[in-house]
Amino acid sequence: MDAIGELAAVLKACGHPLRLQILCAIEKGEEACVSELWNCLEQSQPVVSQHLAVLKKRGIVSSHVQGNRRVYTIINPFIRDLIRKI
């Protein structure tokens, strides 16, 4: 995929309303675990996890284990800057 195609795919992944809310919640808290996200967004854990998987597949977020929590951060600098401007 060329650079424009990849950027389009990343923006498309971010364009879903719930994914955009997830990204805003992650950025607001710097790091967020799934349980914090689904409580904050009033969505079920499987729904939030599915959307996080899409964002992770596109290289927008990454996760690491911290104790018994899986913590997510935004790793794509372009998307991080875009979310900060929102």
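E27 has a relative accessibility of 14% and therefore counts as buried (buried is under 20% relative accessible area, exposed over 50%, and partly exposed in between, with a 1.4 Å probe and protein chains only). The side chain of E27 meets that of R84 in a salt bridge, 2.8 Å from N to O. This is a predicted model, in which local features need pLDDT of at least 70 and side-chain atom pairs count only at pLDDT 80 or more, while totals for chains, interfaces and linings use all residues. Residues are numbered from 1 along each chain as its sequence is written, and side-chain values use heavy atoms, with hydrogens and water left out.

**Salt bridges**

- The whole structure holds two salt bridges, each defined as a side-chain nitrogen of Lys or Arg within 4 Å of a carboxyl oxygen of Asp or Glu.
- In one of them, E27 and R84 join distant parts of the chain: E27 is in helix α2 (residues 17–29) and R84 in helix α5, 57 residues apart.
- Another salt bridge is formed by the side chains of E36 and R69, also at 2.8 Å from N to O.
- This pair, too, links distant parts of the chain, with E36 in helix α3 (residues 34–41) and R69 in strand β3, 33 residues apart.
- E36 is partly exposed at 38% relative accessibility, and R69 is partly exposed at 30%.
- Side chains of opposite charge can pair when their charged atoms come close.

- Helices (H or I, at least four residues) and strands (E, at least two) are DSSP runs, numbered from the N terminus.
- Three strands make an open antiparallel sheet in the order β1-β3-β2; two strands pair if DSSP finds at least two bridges between them.
- β1 (32–33) and β2 (61–66) are the edge strands, each pairing on one side only.
- Six antiparallel bridges join β2 to strand β3 (residues 69–74).
- H64 is opposite V71 in β3.
- Helix α4 (residues 45–57) lies across β2 and β3 and runs at about 115° to β2; axes are lines fitted to C-alpha atoms, for helices over the stretch in contact (heavy atoms within 4.5 Å), and angles run from 0 to 180 degrees between N-to-C directions.

**Nonpolar patch**

- L7, L11, L20, F78, L82 and I86 make a nonpolar surface patch of about 500 Å².
- Helices α1 (3–14) and α5 (77–85) each supply at least two residues of this patch.
- L7 is in helix α1 and is partly exposed, with a relative accessible area of 36%.
- Patch residues have over 30% relative accessible area and no salt bridge; like charges are joined within 9 Å, and nonpolar side chains (Val, Leu, Ile, Met, Phe, Trp, Tyr) within 5 Å.
- Accessible areas come from the Shrake-Rupley method with a 1.4 Å probe, and for residues only the protein chains shown count as cover.
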